[in-house]
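Please keep the sequence and the structure in view while reading.

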Amino acid sequence: MMQNQFMGRSCKVRAKPSAAAYQKMSKAKIALSTAASIAASAMLIRSIANEILPSGIQDYFCSGLHRVSRYMSSQLTIVIEEFKGLSINQVFEAAHLYLGVRTNAASTQRLRVGKTENEKTLEITLDRNEEFFDVYENVKLKWRFVCLQVQAPAAFRNGNMGDYNASLRSEVRQYELSFHNKHKDTVLNVYLPHILEKANAIKKESNVIKLHTVNYDRWDANDTIFKHPMTFKSLALDAELKEDLVEDLDNFMNGKEYYERIGRSWKRGYLLYGPPGTGKSSLIAAMANHLKFDIYDLDLTGIQSNSDLRVLLLSMPSQSILVIEDIDCSIKLQNRESEDSSKNQSENQRDDKVTLSGLLNFIDGLWSCCGEKRIIIFTTNHKEKLDPALLRPGRMDMHIPMSYCNTSVFEQLVFNYLGISHHHLLEQIQELIMEVEVTPAEVAGELMKRKCGGADISLQGLSKFLQAKKTEKIKRKTNMKWMSLAAQ
Ligand SMILES: Nc1ncnc2c1ncn2[C@@H]1O[C@H](COP(=O)(O)OP(=O)(O)OP(=O)(O)O)[C@@H](O)[C@H]1O
């Protein structure tokens with residue numbers, strides 16, 4: 001190059017090209033025109049092929065080309081979908097937890113951060129379509145979080161809730177894990193098991209129990225953190241019953257060999273019965289906290305059919321508690337006899353509604369064969385209203401009576417709420433407790449009312465409350481006596 005004298009220093013003029021440069025340029029021109037003519041020919045051949053070749057042959061060539069390109073690619077991608085059939089895919093869940101911790105320290109561009117009131121730390125996850133690069137034992141791995149929107153099936157859009165497919169998700173979530181295919185064995189046999197192990201540790205450390213409820217015929221993905229403080233220590237329950245129950249739960253937890261030996265599925269059923277306010281929900285909370293199992297709270301009134309119920313139960317993971325409260329009134333569960341009388345109805349018609357036999361058969365049958373370490377709890381305020389099928393021996397493993405306060409339960413409540421075991425008013429209150437029907441919830445409520453005034457004020461208040469109950473009881477009894485005399 002030479003400086004142009006007229007246009008100053010910044011302007012440069014190219015020198016005349018040499019013979020060698022001319023040669024190079026003409027070679028480049030030839031290469032370009034060859035490439036262009038190949039592309040044009042390819043397009044021509046493709047359009048001719050599209051017109052004259054049958055579509056089957058075209059597909060064959062396309063899939064062949066696809067196979068060749070895949071063969072030449074060295075990348076392997078593993079797709080980890082959120083659901084495996086109807087159940088949550090544990091590998092997805094583990095990846096979610098693992099990446100939540102790993103992405104924290106990584107150079108990802110978009111993260112999702114969230115926290116509920118009960119959570120101690122921020123939950124960090126990858127944002128949609130975001131990538132994260134991990135290195136494990138010198139293997140480079142690329143994670144990608146993919147969310148695909150899917151339209152609900154027509155049946156669902158038209159409001160036909162009966163079709164359980166309709167309840168399928170509006171968004172399909174999956175992780176894609178890509179790496180060089182020479183590391184396939186390491187990833188499958190070492191890296192993914194490592195992630196499962198890490199996720200278990202993260203879960204244990206977080207010590208979080210979740211409460212799952214049903215939303216549009218499926219378990220809500222935005223499950224709530226269950227933070228009920230009730231434990232077996234704070235639950236006021238007959239001392240012997242409490243001991244039996246804790247032992248039963250511990251045996252259940254360590255019972256893998258036992259259940260295998262006797263050939264029964266690893267599940268346990270409890271029926272809690274008693275008047276409102278006697279602590280049924282509190283006992284469920286104590287059980288969940290003791291076992292560290294998530295709670296799946298199923299309101300049968302919202303379930304349309306046995307098939308919907310089946311989908312929900314099948315998608316429950318192992319190590320969980322299924323709770324069906326107020327089983328006597330949550331749904332018009334037909335009893336066996338009336339179901340038998342409707343035997344001539346078609347199968348389809350009977351599948352249209354949730355029935356007690358549908359529920360019990362499923363729990364005893366298919367549900368037992370998949371998943372393990374599961375607890376089912378039914379509660380009722382009216383045991384006498386329950387179908388005999390539910391009370392049959394062997395159906396629910398333990399029937400737990402939750403009753404009005406007795407002196408032992410009262411002593412525990414006084415100790416828990418006031419921190420005392422001796423007081424001059426206790427004896428008099430215990431006598432009253434034996435005479436009236438008072439629930440632990442009522443006693444707890446009275447003890448809490450005047451907690452600022454100290455034990456004296458609280459116990460005086462409770463004593464008054466019980467006296468009023470006793471007077472009411474006497475009045476009722478007298479009225480009934482007069483009424484029966486009048487009737488004679
Ligand atoms: N046995 C108990 N020990 C300690 N607290 C109790 C007990 N029973 C009831 N309570 C107190 O009373 C409140 C209400 O009790 P809980 O909801 O467990 O009763 P429930 O039998 O489930 O009532 P319902 O049948 O109306 O659901 C609880 O939050 C708890 O504070």
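How many residues does helix H3 have, and what distance does it reach from its first C-alpha to its last? In this predicted model, helix H3 covers residues 90–102, which amounts to 13 residues. Its span from the first C-alpha to the last is 18 Å, close to the 18 Å expected at 1.5 Å a residue.

Several residues of H3 are buried, namely Val91, Ala94, Ala95, Leu97, Tyr98, Leu99 and Gly100. The elements that cover these buried residues include the strands E3, E7 (123–126), E8 (131–136), E9 and E10, together with helix H5 (184–206).

| Strand pair | Direction | Bridges |
|---|---|---|
| E3 (residues 75–81) and E10 (residues 171–180) | antiparallel | seven bridges |
| E9 (residues 139–149) and E10 | antiparallel | eight bridges |

The loop between E7 and E8 contains Arg128. Is Arg128 counted as buried or partly exposed? Arg128 has 14 C-beta neighbours inside 10 Å, and therefore it counts as partly exposed. Apart from its neighbours within four places in sequence, Arg128 is in contact with Phe145 and Cys147. Arg128 and Arg173 are 45 residues apart in sequence, yet their C-alpha atoms are 9.0 Å apart in space.

Attention now turns to the ligand. Which residues are closest to the ligand? Of the 15 residues that surround it, the closest are Pro276, Gly279, Ser282, Pro440 and Ala441. Helix H8 (280–291) and helix H17 (440–449) each supply at least two residues of this shell. By type, the shell consists of eight nonpolar residues, six polar residues and one charged residue. Because domain 3 (225–401) and domain 4 (407–487) both give residues to the shell, the ligand lies between them.

Finally, the protein as a whole may be considered. The protein holds 18 helices and 18 strands. Of its 488 residues, 20% count as buried. Among contacts with a separation of 6 or more, 71% join residues 24 or more positions apart.

Technical notes. Residues numbered from 1 in each chain as written. Predicted model: local features only at pLDDT ≥ 70, side-chain atom pairs only at ≥ 80, totals over all residues. Pairing = 2+ DSSP bridges. Helix = DSSP H or I, 4+ residues; strand = E, 2+ residues; numbered from the N terminus. Near = placed C-beta within 6 Å. Nonpolar A, V, L, I, M, F, W, Y, C, P; charged D, E, K, R; others polar. Domains from an automatic or database assignment. Expected span 1.5 Å × (residues − 1). Buried ≥ 20, exposed ≤ 12 C-beta atoms within 10 Å, placed from the backbone. Contact = placed C-beta atoms within 7 Å.
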